[in-house]
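Here is a structure to read through its definitions. Each label is tested against a value.

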Amino acid sequence: MTKRIIHIIVLCLLTSLAWSQDFDEMVTGMSELSLPLVNVEVELDSVSFRYFVPGTFTLYEYKDGAVTPSTYNCLVRQRGKTALFLPKWSFAIKLVDDEGEKLDANLLGLRTDNTWILDAMGIDHLRMRNRVCFDIWNEYSHTMWDTKFGNRNGTVGTMVEVFINGNYAGIYHLSDKVNRQLLNLRKARIEDDGRVTIKGLLYKGKGSGVSNALLDYEEDRTDTIKWNTFELQYPDDYPSHKTWVPLMNLIDFNSKTDLKYFSAHHNEWYYTDNLVDYFLLLVVFGIDDMPYKNTFLSTPDINFEHRFMITPWDLDACLGRNANGNAQLFMPLLSRLNAYGPFNRFIFYNIDHFKNRVATRWDELKDSTFAPANLERHIMAIAQRYVESGAWQREYELWKDIPEEEDDRVVIPENIQEEVNYVMNWYNMNYSQLSYQLLRWHNDYVEPEIITAATVTHIYSYILGITPGYDEKYDLNGDGVINSSDVTCAYDVLLGSTQPE
């Protein structure tokens, strides 16, 4: 029996369990403490990852002392990659009118659009990591050009309790999507002769492979929406060589230009402020499965310039847990992006005073946006709603024993405070480490020599005590000591060809 069939059985049997919630009672019992409720009516055994199927989407909101329902026709499919193999499914929702055409709606005041996500947060012991990290990202980082959404460069969302065909499915994260409308990318234009003029571009990293580091790529078809490890999010109706060449050119700029040319022209390809913000997001929150998987690259109109902006995605593997939901016991190193373009050059050669810019940005945010108290405030606001609404107890009772094999599930605690404490302990340790490491990034480094096999020999000499003292040019990851991690950095450069030709 396949995992897909097992999942369907799990969802279909929910109402037969003693602790299953009665849908009508949940609706009529809503109060100001309740999370919004969602009921998706769909033929469940026809739902898959590949295709959208028709259904209805009803949202119940308690507002002004009354329950207000809103019902929409919709299209439904499974979403995610890891999430496909979890018993609690995530869903992509498209709202449509009676003719099946796109229908924009403003859900819970979040945004007017037709595409929405119901994220099951199946690997997250806290059931909020993605939302909390995005809320903090939205506090400090914005698009590099004007948009209709306040220059927002990430999703917005809220927590809801979901029913599938009236059967209780637990806590979900309802959010909008990163798309052309959010980022204000210009639409493709169909010319009088039928040719398509490509303008705005939006790529999404979808997996691991050669192109994932933005330093190389394999020969691949260019007439589909997937190319190497990326997916064409816009314009997905017109996949062609024209839509993929800009990404190839970006990778070639990272890997096939010499250091002098890269240093002189990097502002034509990247927004350094955006790179700084993204770098801090990854190391401050310990994002496990980036870059460039779960990352968007966008440019508003390729006909005017080819600078690309980074937008993060799926921030659930973080704050002390990895992409499988397991404890991440080590702290993220500042060197973690050394093998990825363009960071390999920005960091290693300190181009555009990148290290000082990161350290200065950290100083701007460490006592406000990145302060442990701010993270805890975001977490506790959601945790309190979970507890006061009864949603956490329902979530725990529903998913604590499904499936029975503990190796195949994420076991959430009965008391949410246990995971809150785990997150805050991890964050406080990481915060202290970053504060120490980034002190050294304020001063521009002496340009390091090109790494060769002799560099590795010198590092081993320091480790073994043969060479006394400290020489920062051999402290490749900038953590203040010369040890085995610097050997790893050297091999990343030597084996990954991350230094200029």
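Q: Which residues in H10 meet which residues in H12?
A: The model is a predicted one. From H10 come Pro 372, Leu 375, Glu 376, Ile 379 and Met 380. They meet Gln 417, Val 420, Val 423, Met 424, Tyr 427, Asn 428 and Tyr 431 in H12.

Q: How do the residues of this contact of H10 with H12 divide by class?
A: Nine are nonpolar, two polar and one charged. Glu 376 of H10 is in the contact, and Glu counts as charged. Gln 417 and Asn 428 of H12 also take part.

Q: Why is H10 called roughly antiparallel to H12?
A: Helix H10 (residues 372–389) packs against helix H12 (residues 417–439) at an angle of about 160 degrees, with the axes 10 Å apart. Angles over 145 degrees count as roughly antiparallel. That is why H10 is roughly antiparallel to H12. The crossing of the two is right-handed.

Q: What is known of the crossing of H7 and H9?
A: The axes of helix H7 (residues 272–285) and H9 come within 10 Å and cross at roughly 65 degrees. The crossing is right-handed. On the H7 side, the contact includes Thr 272, Asp 273, Leu 275 and Phe 279. On the H9 side, Arg 357, Arg 361 and Trp 362 are among the residues involved. By class, the contact has eight nonpolar, one polar and four charged residues.

Q: Why is the pair of Tyr 140 and Phe 370 edge-to-face?
A: The ring centres of Tyr 140 and Phe 370 are 5.0 Å apart, and the planes stand at 75 degrees. Centres within 6.5 Å make a pair, and planes over 60 degrees apart count as edge-to-face. So Tyr 140 and Phe 370 form an edge-to-face pair. The structure holds 31 aromatic pairs.

Q: What makes the pair of Tyr 140 and Phe 370 tie together parts that are apart in sequence?
A: Tyr 140 lies in helix H3 (residues 129–140). Phe 370 lies in the loop between helix H9 (354–365) and H10. The pair therefore ties together parts 230 residues apart in sequence.

Q: In what order do the strands of the closed barrel run?
A: The seven strands run S1-S2-S3-S4-S7-S9-S8, with mixed pairing. Neighbouring strands are turned by 40 degrees against each other on average, direction ignored. Helix H11 (residues 391–399) packs on this sheet and touches strand S8 (157–164) and strand S9 (167–175).

Q: How do you know that S4 and S7 pair?
A: Pairing needs at least two bridges. Strand S4 (residues 91–96) and strand S7 (residues 115–119) have four, in the antiparallel sense. Phe 91 stands opposite Leu 118 in S7.

Q: Which residues does a cis peptide bond join, with omega about 0 degrees?
A: Tyr 234 and Pro 235. Pro 235 sits in the loop between strand S14 (230–234) and helix H5 (241–256). Another cis peptide bond joins Gly 341 and Pro 342, with omega about -5 degrees.

Methods: Residues are numbered from 1 along each chain as its sequence is written. This is a predicted model: local features need pLDDT of at least 70, side-chain atom pairs count only at pLDDT 80 or more; totals for chains, interfaces and linings use all residues. Side-chain values use heavy atoms; hydrogens and water are left out. Axes are lines fitted to C-alpha atoms, for helices over the stretch in contact, and angles run from 0 to 180 degrees between N-to-C directions. Angles under 35 degrees count as roughly parallel, over 145 as roughly antiparallel, 65 to 115 as roughly perpendicular and the rest as oblique. A crossing is left-handed if the near helix is turned anticlockwise from the far one by less than a right angle, and right-handed if clockwise. Contact means heavy atoms within 4.5 Å. Rings of Phe, Tyr and Trp (its six-membered ring) pair if their centres lie within 6.5 Å; planes under 30 degrees apart count as stacked, over 60 as edge-to-face and the rest as tilted.
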